Structures are given as C-alpha cells and as structure tokens.
Amino acid sequence: MKTFAVFGNPIKQSKSPIIHKLFAKQTGILQNYIKIYVEKNNFNKKIFNFIQNGGIGANITIPFKHEAYKLCNILTKRAQQAGVVNTIKVINSKKILGDNTDGIGLLKDLRNLKFINPTSNILLIGAGGAAQGIILPLIKFGCNITIINRTYERGKNLIKYFNNIKNLNCLKLEDLFKKYDKIKYNLIINATSTSLMGNIFNIPVSIINPDVFCYDLYYNFNITPFLKWCTLHGARKISDGIGMLIEQAAYSFYLWHGIMPNTKKIIKKYKKYN
Ligand code: ATR
C-alpha cells in the first residue's frame, strides 16, 4: 500500500490522518497515512528516511515549511511564488516535487464561509511559514493585507520577499495600537503558532466588533485561545482553520492521486461553529 505522512512539531494534534482516511474511503483509493514527529534540525534526515522506506507523498506543517521548500528538486508555480512548501510528492522514486496548497485551501474556505470578498481589508497576525504561504492568493483575489508580527523585522522581510507588491504592508505593533481607531479591518487572520502553544497575541481590543470576521489558521479540540479572546471582546463571526485544513488536504490529495475529493460533507462534520 502507498504510504503518505504529515511531518511536524508538534504533531500530536494533527487531524490530517483522519481527513486523508475519509478522502481515501470516499474515492476508493488505498493509502496509508501516518503522523511523523520531527525533532528540530532533523527534518531532512526524516524526509529522506521516509522516501527510502517507500513513502511517496507528505504534508509538511509547522515549523518546517521553509525547510521543505529548500529540500525540493522541482517546485510548482504556487510553491515558487509562496517560497514555502506544505506538500511534497516523490517522482520516479528520487526527485521531490514541492507544492503549496495552503493559500488556495484557505481562500476556498473563507469564500465558502462568506468571510471574504475582493475588497476585504485584512489584518494578518504572524510572519512565519504559515503566513507566507497564504499571502499571494489573498492579494491576487483583490484584498489588502497588513501584517503584524511580534518580531517586526520578520514582517518587513516578507514585504521584501514579495517585492513590495501593492496592497501588502507591515505595521509595528505599537503603531497598530496608535492607529487602530483610524483603520477598519474586515477580517483578522491569526497565522501565529500561539494557538498551538496556548498563548494569545496582544492586539488592540477595539479592532474587534460584531461585524469583523476572525479566523484562526489553527484548530484545537476546544475553541482556540485567539478565537476565545475575540469572542470575549465582541466578535460574533469566528472560525478555526479546520475548513482550510480539509481544503488544503484535498488539493494535496489531488496532487498525489489526480482525484479531487468532495470536501463539503467532511467540513460540515468537523466544523464546530458558524
Ligand atoms: P509557521 O511555519 O507555522 O508559521 P514559524 O515559522 O515558527 O511557524 O512562525 C511562527 C509564527 O508565530 C511567527 O510569526 C512567530 O512570531 P516571531 O516571528 O516573532 O517569532 C509567531 N509566534 C510564535 N509564538 C508567539 C508568541 N508567544 N507570541 C507572538 N507571536 C508568536
């Protein structure tokens, strides 16, 4: 049986194996999909071991998306543009093809939820691999994005990486606190790993109102700390990233097998709110 995996740290919480099991059942494809915990600095070795043992495709999650990009021999256009990789496929038993299905998966979920339109003004919290992977599809859709990150330099680096593209800018956290009453955001996306660690990113409370959409790229067994904080301060339209996870997984599945699973019923089963 063909073997697939998700690589990450932490990985215990990952729902990818369950989702891929449902896709396999739905499409009649036989596959084995496992979770692989990777110690920091051991990513390449783990991937090469996996391939040597017959693994032919994988998802890459926090915090290895940059490393996955560097490891690939060939990149899809989406991965080239994103500069980070969340899906790999082994070709002819040796070459590694890298793709990025995060951005397209997120956009699909946000559109399904009616959380986004081409004029949306987005506050993107975070500037790591997860944030980098979703920026371009949202900008191409027409949105304006402001990045806010604990380490301002990392946000600035992303602006440089995307060649100062129109509609993408970065604010210092203290400036967001000074200007928040003059700027209206329609959608706030948490792309930091804080929800996985149980922390909260400190943004001005007044940015939250009943009309603003709040989306967390991550998901937990319970409501994520970020969404709990937003709700506490008046947000009514919230969603965790389970829909994105299922949509991006479907695009990965398509890359591996050439068949697009139907995601609707699976999302309905796993969505907890809205
Ligand atoms: P990923 O590839 O999933 O994005 P990453 O590259 O490790 O993982 O990036 C993690 C993101 O979460 C970064 O934006 C990080 O902020 P820094 O660039 O300042 O490190 C953010 N992050 C992690 N822990 C945080 C915390 N306790 N408070 C605020 N931001 C945090």
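The lining of the largest pocket has, by class, 18 nonpolar, 19 polar and five charged residues; here Ala, Val, Leu, Ile, Met, Phe, Trp, Tyr, Cys and Pro count as nonpolar, Asp, Glu, Lys and Arg as charged, and the others, Gly among them, as polar. This is a predicted model, where local features need pLDDT of at least 70 and side-chain atom pairs count only at pLDDT 80 or more, while totals for chains, interfaces and linings use all residues. Residues are numbered from 1 along each chain as its sequence is written, and side-chain values use heavy atoms, with hydrogens and water left out.

A pocket, on a 1 Å grid over the protein atoms alone, is an open set of points where a 1.4 Å probe fits, with protein on both sides within 12 Å along at least five of seven lines; lining residues have an atom within 4 Å of a point.

The volume of the largest pocket is about 910 Å³, taken as the space filled by probe spheres set on the points, which are joined across faces, edges and corners. It is lined by 42 residues, and I62, A130, T192, S193 and Y218 are the closest to its centre. At least three lining residues come from each of domain 1 (2-100 + 243-273) and domain 2 (103-240), with bounds from an automatic or database domain assignment.

Now the second largest pocket, at about 210 Å³. Its lining divides into two nonpolar, three polar and six charged residues; among them are K108, D109, E247 and K264. Helix 5 gives the most, four residues; helices are DSSP runs (H or I, at least four residues), numbered from the N terminus. Where does this pocket lie? Both domain 1 and domain 2 give residues to its lining, so it lies between them.

Conventions. Helices (H or I, at least four residues) and strands (E, at least two) are DSSP runs, numbered from the N terminus.
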